Amino acid sequence: MKESADPMSLTTPPHTVEPAMRPPWEPSSSLPPIRITNVKAICTAPDGIRLVVVKVETSEPGLYGLGCATFTQRPMAVVTAVEEYLKPYLLGRNPDDIEDIWQASFVSSYWRSGPVLNNAMSGVDQALWDIKGKRAGMPVHQLFGGRTRSSAAVYVHANGRDFHELEDQVRAYMEAGYTHVRCQVDVPGYATYGRGSAQLGPAADDGQPAHLSLRQRPWEPRPYCRLVPRMFEHIRNAVGEEVELIHDVHERVPPIMAIQLAKDLEPYGLFYLEDLFSPEDQDYLRLLRAQSSIPIAMGELYVNQAEYVPVVRDRLIDFMRVHISDIGGLTPARKLASLCEFFGVRTAWHGPGDVSPVGHAANLHLDLSISNFGIQEASLFGEATREVFPGTPDVRDGAMWSNDLPGLGVDIDEKIAAKYPFPEHPFNGAWPEIRREDGTVVKP
Ligand code: GCO
Ligand code: MG
């Protein structure tokens, strides 16, 4: 063996891609070999949300791919991981080798499975699927085995300061053709997830430390747990049984109160209840399953297969909700979807505003090609985002539709993207803490 082929060699770091390091199977490929010539991270915030998209360029003129690497609370750490670590590691490799590149990148930091590295890997991974689709002249869902449905049914977010405002929004969505609606309502006086009311607003510029300038209202679980069943009682009485309803607890409630909440919500026939426990407390799912049949969705905080495999294997959840860029991209997400299929778990990929349109397209291509699709969370992007990302998937008639272009079908206009730099923020996008009335920090 030549010395440069030895991955343990101390003189030749593994990222030095000399011909001897290239996979031996490459020459037999039916496609002409191409190379990765550049990997870069693009930052943009057209709707005010910090998005990171990776662009992988190739030796074939004009052929590039895009992938979502948005970790909106730590975007600059992802940019560094992409440009300082993955770029030198990947230059010169063949972009056709998606699985091989994923496996190699995964162990290239030795310590792995965190959201920063997973997002960086997702940016590359989705871009490589985009490139493969463009090379094949097919949309990515065709590479995944073809369509299993015409479009992906979506749910949208309704929220209100009170039950009546919420009811108006639910009705408006139903009239617009949506069949699945998430309901969140203000808990008066508290920092409720899903409502714009959490923040008290910047304090006067009185020289306070930054963490005091983004003051949040306090949070108490008891008033929230009393209010949410009444909210669903109101909405069901008002709009009837024909709409599917969802609620996101956002992991804020102590586990035993969360179990009581799940039982209190049973009469209202929810499509699912989301993030009832934090991932750290997920063993409580076992206790919950013994006493409630409420459908459970979980997973947007998962970053590691050691977290999501057990809940599927033990049939502790009904909907898998991972944030695809947070587990490392489409390559692991496809495997997870298949695992879920074998255990009767359906998918509900995380699709908030802090997934870029490229990431929404990645969600959609999986939705369109798997049999255990459950629902897709939609984000109704504004004009500015659509202008930056031509090809952003359409949401209409209660569903998300693919444009059927080769690859992921979404492009980026880098000139327009540059017009929307990240907004000023005292912590570069990190979340200010939320505290109970006695000052204890709670999970978000
Ligand atoms: C959801 C989520 C999001 C997250 C957000 C974090 O279900 O849509 O909980 O709103 O809070 O993506 O950055
Ligand atoms: Mg959520």
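Q: So, is D248 buried or exposed?
A: D248 is buried, at a relative accessible area of 2%. Buried means under 20% relative accessible area, exposed over 50% and partly exposed in between, with a 1.4 Å probe and protein chains only. This is a predicted model, where local features need pLDDT of at least 70, side-chain atom pairs count only at pLDDT 80 or more, and totals for chains, interfaces and linings use all residues. Residues are numbered from 1 along each chain as its sequence is written, chains are lettered from A and ligands numbered from 1 in the order in which they are written, and side-chain values use heavy atoms, leaving out hydrogens and water.

Q: What about E274, buried or exposed?
A: E274 is buried, with 0% relative accessibility.

Q: New topic: how many aromatic pairs are there in the whole structure?
A: A search turns up 11. Rings of Phe, Tyr and Trp (its six-membered ring) pair if their centres lie within 6.5 Å; planes under 30 degrees apart are stacked, over 60 edge-to-face and the rest tilted.

Q: Why is the W219 and Y224 pair called tilted?
A: Because their planes are at 55°, with the ring centres 5.1 Å apart. Both W219 and Y224 are buried.
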